[in-house]
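Thanks for making time this morning. I have one structure to show, and I will keep to what the coordinates say.

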Amino acid sequence: MPHIIIEHSAGLQDSHDLQGLCDALWHALAEHPAITAPDTVRTRTIAATASRIGIAPQTFAHATMLLLPGRSDETRAELAQLILDHLDRHLPDVGSLTVRLDEIQQPYVKRML
């Protein structure tokens, strides 16, 4: 069920292959042993229309991974590092790369075809 939402500086979609990043993250997470239902992995990006950070270059990408509860701190750290490694590989010139994991509280409902 992991959802990975990558917020990023406006314009990165023009200079970087964000679809390639989404695809690579999806495959890496779908293959990870902590993900028991790979068909539920979701990755997406959202461009920020305005931003300001305290470093140069003034570009960022921040990934939030939403998970159902129950994974150990070690597994959570491993998943966060996996995401950061993919961000770094696909966005090497971006000024700030960050990752946050958050748990989705119950109830969580969904509908799929």
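This is a predicted model: local features need pLDDT of at least 70, side-chain atom pairs count only at pLDDT 80 or more; totals for chains, interfaces and linings use all residues.

As a reminder, strands of a sheet pair through backbone hydrogen bonds, and the pairing is either parallel or antiparallel. Which of those applies to S1 and S3 here? They run antiparallel, joined by 6 bridges. If you want a place to look, His 3 has Leu 66 in S3 as its bridge partner.

S3 and S4 run parallel, and 8 bridges join them. Two pairs you can pick out are His 62 with Thr 98 in S4, and Leu 67 with Glu 103 in S4.

How much of S3 is buried? Of its 8 residues, 7 are buried, so S3 is largely enclosed by the rest of the structure.

Take H2 first. With 13 residues at 1.5 Å a residue, H2 should span 18 Å, and its end C-alpha atoms are 18 Å apart, so the two agree. The buried residues of H2 are Leu 18, Gly 20, Leu 21, Cys 22, Leu 25, Ala 28, Leu 29 and Ala 30. What covers them includes S1, S2 and S3, along with helix H1, residues 12-15, and H3.

H3 covers residues 73-90. The same check works there: 18 residues at 1.5 Å each should span 26 Å, and the end C-alpha atoms are 26 Å apart, which agrees.

Which residues of H3 are buried? They are Thr 75, Arg 76, Leu 79, Ala 80, Leu 82, Ile 83, His 86 and Leu 87. Looking down the axis of H3, these buried residues fall within an arc of 155 degrees, so they line one face of the helix. Cover for the buried residues of H3 includes strand S1 (3-9), helix H2 (18-30), strand S3 (60-67) and strand S4 (96-103).

One name on that buried list is an arginine, Arg 76. Why does Arg 76 count as buried? Its relative accessibility is 19%, and buried means under 20%, so the label rests on that cut-off. Leaving out residues up to four places away in sequence, Arg 76 touches Leu 67, Arg 71, Leu 101, Asp 102 and Glu 103.

That brings us to the salt bridges. In general, side chains of opposite charge can pair when their charged atoms come close. How many salt bridges does a search of the whole structure find? It finds 2.

One is between Arg 76 and Glu 103, with the closest N and O atoms 3.7 Å apart. This pair links distant parts of the chain, with Arg 76 in helix H3 and Glu 103 in strand S4, 27 residues apart. Glu 103 is partly exposed, at 28% relative accessible area.

The other joins the side chains of Arg 100 and Asp 102, at 3.2 Å from N to O. Both ends are partly exposed: Arg 100 at 40% relative accessibility, Asp 102 at 31%.

Last, a residue past the sheet. Gln 106 lies in the segment after S4. Is Gln 106 buried or exposed? Gln 106 is exposed, with a relative accessible area of 54%.

Note on methods
Residues are numbered from 1 along each chain as its sequence is written. Side-chain values use heavy atoms; hydrogens and water are left out. Helices (H or I, at least four residues) and strands (E, at least two) are DSSP runs, numbered from the N terminus. The expected span of a helix is 1.5 Å times one less than its number of residues. Buried means under 20% relative accessible area, exposed over 50%, partly exposed in between (1.4 Å probe, protein chains only). The arc is that of the directions from the helix axis to the C-beta atoms. Contact means heavy atoms within 4.5 Å. Two strands pair if DSSP finds at least two bridges between them. A salt bridge is a side-chain nitrogen of Lys or Arg within 4 Å of a carboxyl oxygen of Asp or Glu.
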